Amino acid sequence: MPKTIIVSNRLPLRLQTEGSKMTLTPSEGGLATGLGSIYKKGDNLWVGWPGIALKKDAEKQEVIKRLKADNMRPVFLTESEIENYYEGFSNETLWPNFHYFNQYAIYKKRYWEAYQKVNQKFAREIKEVAKPGDTIWIHDYQLLLLPEMIREMIPDSNIGFFLHIPFPSYESFRILPWRRELLMGMLGADFIGFHTYDDMRHFLSSVNRLAGFGNAQGQVNVKGRKVLADAIPMGIDYDKYAGIAAAPETLDREKRYRASIGNQQLILSIDRLDYSKGIPQRLKAFELFLEQYPEFNGKVSILMIIVPSRDQVDRYKALKEEIDLLVGRINGQFGRLNWTPIHYFYRSFPLNALSAFYRMADVAIVTPFRDGMNLVCKEYIASRLDRKGVLILSEMAGASKELSDAILINPNNLNQMVDAIHEALTMPEEKQIKHMEVMQSSIKRYNIHHWMDLFMKRLAYIKKEQQNLVTKIIDEVAIKKIITSYKSAQKRLIFLDYDGTITPFFFDPKEAMPDDELKAIMKSLTANKKNRVVIISGRDKDTLSEWFADYPLDIIAEHGVWLKEMGGEWHTITTLSDKWKRDIKEVLEDYVSRTPGSFIEKKDYSLVWHYRKVETGLGELRTRELTSHLHYLSVNKNLQVMEGDKVVEIKSSQINKGIAAKAWLTKFESEFIMSIGDDWTDEDAFLAMPKKAFTIKVGGTRSAAKYSIASPIEVRGLLKKLMRT
Ligand code: GDG
């Protein structure tokens, strides 16, 4: 049976050695509890670093043995790997860049090399245990290269990736020297999840600009393989936090803490030591609050917990000193014998203590400059069994997208934070309850189990989509079938689209004229008297007449407006009106004047707005505006608006490649029929073909065609094979 493998930098445990004694403490973190329901089952497992560098083989063997019983498998890292891959590239390069602290980012070749090496190490470890068909769920920024590495080793695996920290805007991400490698690494996954829609669209924008892959509704076509990106915000184990908040031990602790702290209002702040968390700003805002509202002196305290982290690193050491100084200054200036403004703890607490703090806090203040999600604010909400309490939350935390009932602040705006503190401390109870209830019902519903289910469902969905396509990819069997049918037929009808089908798509369409290879193919294909070849293209009739003048073939131009049989004259199918063109052209001209680089192409019965030379992103934006504008205008005009590759074409709805192709199908009955095309205008032709026809779509998106083929190179290969028979 296929299994699921969770992969993260750290295993969900704490490993300590003292002499020959080894203790393993399971982690209480949200992810560990949530994913417990997956990795503890059957053959499933969790692969990751156990958290310390072990040198002795005997120790490693012992760890392997002990972890095996808990469905875990360690990846051992050396001290130098920890220094360069983990503390270096992960925490000093990626972390600051992804949190928009580029001034702190360090670019070192040594770090990058170690990052690649350790990702490889993880990949090898997974190869040992994974089989085709297994699901591999990779977590976070330390392992961005891993999806691609596993894809290469085990192509048939289901790979999911979730990023727990923000994905920065393209403008920040592009600064990284290894940006393209990192993106390609992630794109090895089938499904890539982010906390927020903003993270997802930043990722897709980088993929578009740096790797050249566009997307439709979050689906990226990576060389014929579909990859899905989506926003699925991570939740917490709501019932667990609500349960602990009601536990006797928690209530007992609350009583004790309350007795020693006094009865004043409490504001709670919990973070790991990090410059992204906005801790000094929060303290400054509290200082300003005490200055501006002296009536609150002696009546409110902050309970500030900072969990130690990386404090041997200079940047963190400096931050810690800054915080220590600020706390000292504020307590020194405002404190009284019977009142301490800031209760400050630089250490971690057991879960029951944390829960007691959540219960005691009238207000929770969470003010990061950037945070992927932030679970503390969700835990606070789940712990408020009396439904009272106020959350002050930075709009830069992913959680703010779900918690609009919090008081949202910009952590750079000190005055706004001061006002927020005042509003929170004076908020009437009914209002607190009203907001808290909304937030509780949302956090309860979108909990960690919901998040996991959704992740797995989205992964399964994209795998299914891929398989729908996979069945269509043209293989040796299909090619043989086509050749056999071609060979035995006395009459053959072959429809070939031009751009993107028998010739690659060119940035400048003028470069797209037939090359020598194509000329040779056309010559020999049309020389065979059994073949009737029809070029069926969106191009104008004059260009096509010129390019194909030397061959006995038929041409359908402008998506079916103009038709010409070999030796005959150009004609149209119906009497078409082009009176609409004047009005629509005026609209298009307005778009040209607003969009540098775009231009209008005038065809006999259609107008085309081209934007391939427009700044990336702007063209797409204008297209959305233009198409909705045109859809509105075209309602009574019997027109259709078609979006193509960097073009928007407007033409009469009485025309399409399918209607045109039908004229040939009726007139030239044939035993062998084949239609090859690459974009959605060719879909009309595919749909018009009889069942027995071989319809082939170039490129990997969904299609009405029977088969898909990778590129024009393969199309030429297929045509050559036919000619040789
Ligand atoms: C990443 C992203 C994203 C804190 N102090 C103590 C303690 N904690 C627990 C909290 C909470 C967890 O640590 C911190 O969660 P965060 O969400 O704030 O941040 P991280 O997990 O460090 O980092 C973040 C998250 O991934 C999930 O995707 O939300 O944005 O940076 O659960 O309760 N736990 C105990 N004692 C403490 O003193 N026991």
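This is a short tour of a predicted model, stop by stop, for you to follow in your viewer.

Before you click: residues are numbered from 1 along each chain as its sequence is written. In this predicted model, local features need pLDDT of at least 70 and side-chain atom pairs count only at pLDDT 80 or more, while totals for chains, interfaces and linings use all residues, and side-chain values use heavy atoms, with hydrogens and water left out.

**Stop 1: the domains**

Colour the protein by domain: domain 1 (4–231), domain 2 (239–445), domain 3 (472–573 + 655–723) and domain 4 (581–652). These bounds come from an automatic or database domain assignment. Taken over C-alpha atoms, the centres of domain 2 and domain 3 are separated by 67 Å.

**Stop 2: the ligand**

Now select the ligand. Where does it lie? It sits between domain 1 and domain 2, because both give residues to the shell around it. There are 20 residues around the ligand, and His164, Phe349, Asp371, Leu375 and Glu379 come nearest (a residue is near if one of its heavy atoms lies within 4 Å). The shell splits into 11 nonpolar, 5 polar and 4 charged residues; here Ala, Val, Leu, Ile, Met, Phe, Trp, Tyr, Cys and Pro count as nonpolar, Asp, Glu, Lys and Arg as charged, and the others, Gly among them, as polar.

Show helix H13 (351–360) too: H13 gives the most to the shell, with 3 residues. Helices here are DSSP runs of at least four residues and strands of at least two, numbered from the N terminus.

Next, zoom in on two residues:

- Leu375: a backbone N or O atom lies 2.8 Å from an oxygen atom of the ligand.
- Glu379: an N or O atom in the side chain is 2.5 Å from an oxygen atom of the ligand.

**Stop 3: the loop between E6 and H5**

Select Gln142, in the loop between strand E6 (135–139) and helix H5 (146–153). Is Gln142 buried or exposed? Gln142 is buried, with a relative accessible area of 8% (buried means under 20%, exposed over 50%, partly exposed in between, with a 1.4 Å probe and protein chains only). Leaving aside neighbours within four places in sequence, its contacts include Asn9, Tyr85 and Tyr115 (contact means heavy atoms within 4.5 Å).

In that loop you'll also find Asp140. Asp140 has a positive phi of about 80° although it is not a glycine. Most residues other than glycine have a negative phi.

**Stop 4: Glu558**

Last, jump to Glu558, in the loop between strand E20 (554–557) and strand E21 (562–564). Glu558 has a positive phi of about 50° without being a glycine, and is buried at 2% relative accessible area.

Definitions and conventions
Polar contact = N/O pair within 3.5 Å; in protein donor to acceptor, adjacent residues only side chain to side chain.
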